[in-house]
Amino acid sequence: MDWITTYASETQLQQTVNALAQCNDRTARFGLSLTAREMEELAWERFAALRAVGRVEFGGGILPALIDAFCDSAYLQQTAYAETICTLQEIFYAQKGACGLSDAELLVAMRRVYDELAGGDAAFLADVPPVALRRIAAGGSLRGTGLERGDG
């Protein structure tokens, strides 16, 4: 790696950690917080998730918006908080290119499946086809997606 790439990576890592530290202020009321080590691990996992899907991203990434979208879910617990956020981040980046939704639309669709159908099971969410997420974003519900209970 040349010095420019190294500097950019270190700068992005610090931006992500700083953004995550600010998230702790908003998530504390839900009993959720990240340690400094978890923040750094999530920042590194962000790079790995982006690399896995061949994407490049500047700034703090999706983590703050993802945390804000999911922090009040009844299925998100402190004991698995960092791990779940990491998994949701991977799912987000894997689905982002495939479904063609804006970040906000994708987060709303993911949250709807996570809470209303998956019961907090991120593995279930990871298997949702992009077309279903597009339908959820367009229709605002699980109806007509092939995912709702009784459809299968």
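Arg111 is buried, its relative accessible area being 18% (buried denotes under 20% relative accessible area, exposed over 50% and partly exposed the range in between, with a 1.4 Å probe and protein chains only). The structure is a predicted model, in which local features need pLDDT of at least 70 and side-chain atom pairs count only at pLDDT 80 or more, whereas totals for chains, interfaces and linings use all residues. Residues are numbered from 1 along each chain as its sequence is written, and side-chain values use heavy atoms, with hydrogens and water left out.

Side chains of opposite charge can pair when their charged atoms come close. Six salt bridges are found in the whole structure, a salt bridge being a side-chain nitrogen of Lys or Arg within 4 Å of a carboxyl oxygen of Asp or Glu. Arg111 forms one of these with Asp72, at an N to O distance of 2.7 Å. This pair links distant parts of the chain, since Asp72 is in the loop between α3 (63-70) and α4 (81-99) while Arg111 is in helix α5, 39 residues apart. Helices here are DSSP runs (H or I, at least four residues), numbered from the N terminus. Asp72 is partly exposed, at 45% relative accessibility. Arg111 also forms a salt bridge with Asp115, with 2.3 Å between the closest N and O atoms. Both Arg111 and Asp115 belong to helix α5, where they are four residues apart, or about one turn of the helix.

Two packed helices are described by the angle between their axes and the distance between the axes. Helix α5 (residues 103-116) packs with α7 at an angle of about 100°, and the axes are 9 Å apart; axes are lines fitted to C-alpha atoms, for helices over the stretch in contact, and angles run from 0 to 180 degrees between N-to-C directions. The two helices are therefore roughly perpendicular, a term that covers angles of 65 to 115 degrees. On the α5 side the contact comprises Glu105, Leu106, Ala109, Met110, Arg112 and Val113, which meet Leu133, Ile136 and Ala137 of α7 (contact means heavy atoms within 4.5 Å). Of the residues in this contact, seven are nonpolar, none polar and two charged.

Ala137 is located in helix α7 (residues 130-139) and is partly exposed, with a relative accessible area of 29%. Beyond its neighbours within four places in sequence, Ala137 contacts Leu101, Glu105 and Ala109. The C-alpha atoms of Ala137 and Glu105 are 5.7 Å apart, although 32 residues separate the two along the chain.

The largest nonpolar core has 45 residues, and Ile85, Leu88 and Val113 have the most contacts inside it. A nonpolar core is a set of buried Ala, Val, Leu, Ile, Met, Phe, Trp, Tyr and Cys residues joined through side-chain atoms within 4.5 Å. Helix α4 gives the most to this core, with nine residues.

Definitions and conventions. Angles under 35 degrees count as roughly parallel, over 145 as roughly antiparallel, 65 to 115 as roughly perpendicular and the rest as oblique. Ala, Val, Leu, Ile, Met, Phe, Trp, Tyr, Cys and Pro count as nonpolar, Asp, Glu, Lys and Arg as charged, and the others, Gly among them, as polar.
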